[in-house]
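Dear colleague,

Please find the structure below, followed by an account of what was found in it.

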Amino acid sequence: MFSIDQYAYSNRMRAVHPGERFAFAILTMVICLAFPSTVTQLAILLLMAGVVILWAGIPFRFYLKLMSLPFSFLVVGVVTIAVSLSRNPEPTLQGITVWGVTIGVTDQDLRVAVELFFKSLGAVSCLYFLSLTTPVLEIIAVLKKLRIPVLFIELMSLVYRFIFVLMETADRIYTAQSSRCGYATIKNSYLSMGQLASNLFIKSYHRSRMLFTALESRCYTGELKVLEPHYTVSKVNILIIVVIDLALVVLALNTGGGFVG
Amino acid sequence: MAELILEAQDVEFEYPDGTKALKGVSLSIEKGKKIAILGSNGAGKSTLFLHFNGILRPKRGMVRFAGQDVRYNHSSLMELRKKVGIVFQDPDSQLFSASVLQEISFGPLNLGLTEEQVLQRVQQAMAATGITELQDKPTHALSYGQKKRVSIADILAMEPMVIICDEPTAWLDPKHTIQVMELLNGISRQGTTVILSTHDVDIAYSWADYIFVMSDGRVVGEGIPERVFQDEGLLRQADLAQPWLVEIYHEFKQQGWLAKGVPVPRTKGELLELLKRDTPGQALVVSG
Ligand SMILES: Nc1ncnc2c1ncn2[C@@H]1O[C@H](COP(=O)(O)OP(=O)(O)OP(=O)(O)O)[C@@H](O)[C@H]1O
Ligand SMILES: [Mg+2]
C-alpha cells in the first residue's frame, strides 16, 4: 500500500489532469462491468497494463505483483462457482462420481465463472491504474469538483493523513516493545499486541484532541478550507480517452456473446 | 516604558482531571522582543501558551493582549488568534493535510483573504522557511525537521503579531536547530514578537532578549540572559544547567585569563574576542 502511494506521487502521469485520469478509469471500468464480453475485458486488462507500465512508468514486476494479489482471491472464488458437488446430478453436469457424489462442472457455470474472472480482473486493473497514477489528494480534489458532500471529503482527507501517522506510531511502539523482548514468545506476543492496540487507541485519541486545539488556534470554524490546485485540461487527452472508450464499446457490442460459447 | 503586547496576571488554571497546571502566573512581554521561557517538564509552559490565544481560559486571573483584557466570545477570540499564532510541539498533531501547500493555506484562508492573497502568503511563508521544493511532496514523506518547518510556515502565513513556538528545537539535530533558530531570528527582525519555550539553556542564553523561568506552575525568575544564568539559586530551583559560555567565563575568570569586570559573553565569537583583547588572554593564545 505504501509503495502504491509513493508511485502515485512520482509516476510520469502526474502532469495529466487528475479529472482526465479519473474519468478514464471510471468510464473504462463501467464498460468492463456493463458488457458481457470477455474479449473486451481482456482488451481492458492489456490496455491498463500498457498505460500503467509504458506511460506512467511503473515497473513491470511491481505491477505483476499487484495483479497477483486479487488473482489468488479470484481463483478461489471462481472455482467454487464453476465446480458443483451433487448427489443426484443434473444431466448437464460433467465430471467424476465417487461414492455417489458427483464432482464436476456444467457448461453454464463454467461460462459464468470465466466471465466473472475476467470482469473482476479488468475492473481491478482500472482501479489500479487510478491508484497508481493519482495520489489520494488529487482524487479528493476531483470528488470535490463532483460536489460530493464536504463531510465525506474532509473525513477522507483526514483519514488519509492520519493513516500514516498511525502507522508510524504503531511502528515506534512495536520497536520499543520488541527491543524489550515483547515478541520473544507466543505468550509475550499476544500481550504486547494487546498493549500496542490499546496504546494506539489512547495515543490517537490524544492526538485528535491536540489536532483540534491546533486547528482552533488557526481560527478553525468548522470547515477545513484549503487552496485547491489548478490543473490544465488537455483537449488531446480527452480525445484519446473518448476514442479508446468508444473503441472498447464497439468491440464489446460486436463480441457481446462472450468468449466461451 | 516599552509597549507591552502580552500580559498574564495571577493566572491560575486547573485541568479537568484536577491537575493544577498554573498556580498564579504573572508576566509581561514587550512588543518585538525575543522571549524564551525555560522550565523543566510539567512546569506549565505549554499550558500558559494556550492561554495566550484563548484556547484555555484562566480559572482565576487575567490575560491581556496589547493592553486589552482578552474576551472569550467568538469574534474576539478569532481576532486574538489572528494576532497570536502558536506553533505546536509535535508537528504530527498540527499538520492535518497531506499536501504541504494546502496545509499552509488553511490559516490564511480562515482570515478571509482572497485566493491570490492566500497563495502569495503561502509562497512567502514557504520561501522564508526554505520548503518551497517540498510543496509537491505529501506531508507523510517529509522528515521530522521538514515537518517542523512546515508547521512554522503554517503560522507564518497568517502574519501574526506574536509567534509562539513550543519547543521548536526538540528532537532536531544540531544543523536543523541552527536553521530553525536563524529562521526565528529572521521573523523577529521583521518586527514580530517571538516567544519560545525550550529546555536548551545554551540556545536560550544566546538567542533571547529576555528570559522567564517557570517551575511548578509559577514564574520563579525573569531577566536578561546574563543575569538569569548567573543566579545559581534560581537555576537550581528550576532544575536548569548553566550555559557552557557562562560556565567557561567563570572558569576563565578564576584562572585569571579574563580581566576583572569584563561582561559575560553572549556568543562563542564574543568569548574569543574577549580572549584576544585581554593581555593575559593573548599570552594564552601565544603559548597555546
Ligand atoms: N490535557 C491535560 N490534562 C490534564 N493534565 C494536563 C494536561 N496537559 C498538561 N497537563 C498537566 O499540566 C502540567 C503542566 O503541563 P504543561 O504541558 O503545561 O508543561 P510543560 O512545561 O509544557 O512541560 P514540557 O516541557 O514537558 O512540555 C503537568 O503536570 C501536566 O501533567
Ligand atoms: Mg510542553
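Does A:Phe164 count as buried or exposed? At 9% relative accessibility, A:Phe164 counts as buried; the term buried means under 20% relative accessible area, exposed means over 50%, and partly exposed lies in between (1.4 Å probe, protein chains only).

Some notes on conventions come first. This is a predicted model, in which local features need pLDDT of at least 70 and side-chain atom pairs count only at pLDDT 80 or more, while totals for chains, interfaces and linings use all residues. Residues are numbered from 1 along each chain as its sequence is written, chains are lettered from A and ligands numbered from 1 in the order in which they are written, and side-chain values use heavy atoms, with hydrogens and water left out.

**Aromatic rings**

Over all chains, the search of the whole structure finds 14 aromatic pairs. Rings of Phe, Tyr and Trp (its six-membered ring) pair if their centres lie within 6.5 Å; planes under 30 degrees apart count as stacked, over 60 as edge-to-face and the rest as tilted. In one pair, the ring centres of A:Phe24 and A:Phe129 are 5.3 Å apart and the planes stand at 90°, so this pair is edge-to-face. The pair links distant parts of the chain, since A:Phe24 is in helix α2 (residues 18–34) of chain A and A:Phe129 is in helix α5 (residues 107–133) of chain A, 105 residues apart. Helices (H or I, at least four residues) and strands (E, at least two) are DSSP runs, numbered from the N terminus. Both A:Phe24 and A:Phe129 are buried.

A:Phe164 also has an aromatic partner: with A:Tyr160 it forms an edge-to-face pair, 5.5 Å centre to centre with 90° between the planes. Both residues lie in helix α7 (residues 150–178) of chain A, 4 residues apart, about one turn of the helix. An α-helix has 3.6 residues a turn, so residues three or four places apart point the same way. A:Tyr160 is buried too, with a relative accessible area of 7%.

One aromatic cluster is formed by A:Phe212, A:Tyr220, B:Phe96 and B:Phe106. Charges also sit over rings, which requires NZ of Lys or CZ of Arg within 6 Å of the ring centre and within 35 degrees of the ring normal. A:Arg161 lies over the face of A:Phe162, at 5.5 Å from the ring centre, and B:Arg266 lies over the face of B:Tyr205, at 5.8 Å from the ring centre.

**Where the two chains meet**

The contact (heavy atoms within 4.5 Å) takes 31 residues from chain A and 39 residues from chain B. The size of an interface is often given as the accessible area lost when the parts come together. Here chain A and chain B bury about 3,100 Å² between them, 62% of it on carbon and sulfur atoms; buried area is the accessible area (1.4 Å probe) that two parts lose on being put together, summed over both. On the side of chain A, the residues that lose the most area to chain B are A:Arg161, A:Arg218 and A:Leu227, together 30% of what that side buries.

Between chain A and chain B there are 5 salt bridges, each a side-chain nitrogen of Lys or Arg within 4 Å of a carboxyl oxygen of Asp or Glu. A:Arg218 meets B:Asp154 in a salt bridge (3.3 Å, N to O).

**Salt bridges in the whole structure**

Over all chains, the search finds 21 salt bridges. B:Glu14 and B:Lys59 form a salt bridge at 3.3 Å, N to O. Because B:Glu14 lies in strand β1 (residues 4–14) of chain B and B:Lys59 in the loop between α1 and β4 of chain B, the pair ties together parts that are 45 residues apart in sequence. B:Glu14 is partly exposed at 29% relative accessibility, and B:Lys59 is partly exposed at 49%.

In another salt bridge, B:Glu79 is joined to B:Lys83, with the closest N and O atoms 3.6 Å apart. These residues are 4 apart in helix α2 of chain B, separated by about one helical turn. B:Glu79 is partly exposed at 37% relative accessibility, as is B:Lys83 at 30%. Finally, salt bridges that share partners join A:Arg161, A:Glu168, B:Asp92 and B:Lys147 into one network.

With kind regards
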